[in-house]
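The points are numbered and can be taken in order.

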Amino acid sequence: MQEVRKEARERMKGFCRVCKECDGRACAGEVPGMGGLGTAASFKSNVEALADYKLRMRTIHDVSEPDPSTKVLGYDLSIPVFAAPIGGVSFNMGGKVSEEDYIMSKVKACDANGIVGCTGDGVPPFISEAGFDAIKAVNGKAIPFIKPWEGDEFFEKIEKAAATGCTTFGIDIDAIGLITLAKMGRPVAPRGVERLKALIERIPGQVLLKGIMTEEDALAAVEAGAAGIVVSNHGGRVLDHTPGTAHVLPAIAEAVNGEIAVLVDGGIRTGVDVLKMIALGADAVMIGRPFSIATVGGLEEGAAKYIQQLTGQLKSAMVLSGCESIADANSNMITDVLGQ
């Protein structure tokens, strides 16, 4: 991974510094780019919130070969990880790799290593088109995310997504605040429960809503008919000064109470971070920036190496916390900064 990161640093120069600790400090306010909006407080909060929780180390037990696999939204996963939908290589990542090569490499690496990649949407249209081609290449085993466009564009893209053979459709409802879209004259709009329910009923598959940060919105997603949610503040790129996702996750998971799948993103970098989020109530996680860095730095091989690194880290953390399977991960494995 050191060589992959070194290459990514060169290819992403001026857009991402590929910092040793990806915490939002060096890239604050760099949107477009890979940074967080404004002061990057929300980006930083994601990292800080995860750091507030510690794993309880246990060494007297019989767990020597933990099973990190799981099933979420009908997908059999080798580890509870989805690659988050990040696109826009030309204006976010330096443009040294084409959008087509980037998303094809990421999705194929995910499929080959037993997890699921997600594709993005945006302006210009080749972002979503490249994503659809990548999903077709893995026989539909990926999730296209479509922004909540006004007018005909939303269902035109849903129709194209359905033609890929996918079974799950993501809507990144947190994109309603993206300044990049507003600057391009392509605003997106929020929808209340009834409009969202009507929209979901027209989509030919299960729907995953990304951008949930409160129990109220989580319950509204259940009411609207979503199959799952992603607890997310869009990587700190849409609203400054939100809490970190790890801090709001437990209450949201408790409110949903298993009715729908709960995923989470934000600040997740390692297998230890993955296990923390599962213990805090998530069914699986989404990882964004680290996948982009690995893919830009090494294309399919780079993304594959990152997945393999995550797997090793996760299995090690499970052994050292006495966790035999993902289903066994729970809040008893966690302490906060005060040791409580």
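This is a predicted model: local features need pLDDT of at least 70, side-chain atom pairs count only at pLDDT 80 or more; totals for chains, interfaces and linings use all residues.

Which side chain meets that of Lys160 in a salt bridge?

1. The partner of Lys160 is Glu129, and the N to O distance in their salt bridge is 2.9 Å; the term is used here for a side-chain nitrogen of Lys or Arg within 4 Å of a carboxyl oxygen of Asp or Glu. The pair links distant parts of the chain, with Lys160 in helix α6 (residues 153–162) and Glu129 in helix α5 (residues 126–137), 31 residues apart. Helices (H or I, at least four residues) and strands (E, at least two) are DSSP runs, numbered from the N terminus.

2. Residues are numbered from 1 along each chain as its sequence is written, and side-chain values use heavy atoms, with hydrogens and water left out.

3. Lys160, at 43% relative accessibility, is partly exposed, and Glu129, with a relative accessible area of 31%, is partly exposed as well. In this scheme buried means under 20% relative accessible area, exposed over 50%, and partly exposed in between (1.4 Å probe, protein chains only).

4. The structure holds 13 salt bridges, and another of them joins the side chains of Glu150 and Arg191, at 4.0 Å from N to O. Glu150 lies in the loop between β6 (142–146) and α6, and Arg191 in the loop between α7 (179–183) and α8 (193–201), so that this pair links distant parts of the chain, 41 residues apart. Glu150 has a relative accessibility of 42% and is partly exposed.

5. Asp174 and Lys210 also form a salt bridge, in which the closest N and O atoms are 3.1 Å apart. Because Asp174 lies in the loop between β7 (168–172) and α7 while Lys210 is in strand β8 (residues 206–212), the pair ties together parts that are 36 residues apart in sequence. Asp174 is buried at 8% relative accessibility, and Lys210 is buried with a relative accessible area of 4%.

6. Asp62, which is exposed with a relative accessible area of 80%, is placed in the loop between β1 (53–55) and β2 (70–72). Together with Asp67, Glu324 and Asp328, Asp62 forms a negative surface patch (patches are made of residues with over 30% relative accessible area and no salt bridge, like charges being joined within 9 Å and nonpolar side chains within 5 Å).

Definitions and conventions: Accessible areas come from the Shrake-Rupley method with a 1.4 Å probe; for residues, only the protein chains shown count as cover. Lys and Arg count as positive and Asp and Glu as negative; His and the chain ends are not counted. The place of a charge is taken as NZ of Lys, CZ of Arg, CG of Asp or CD of Glu.
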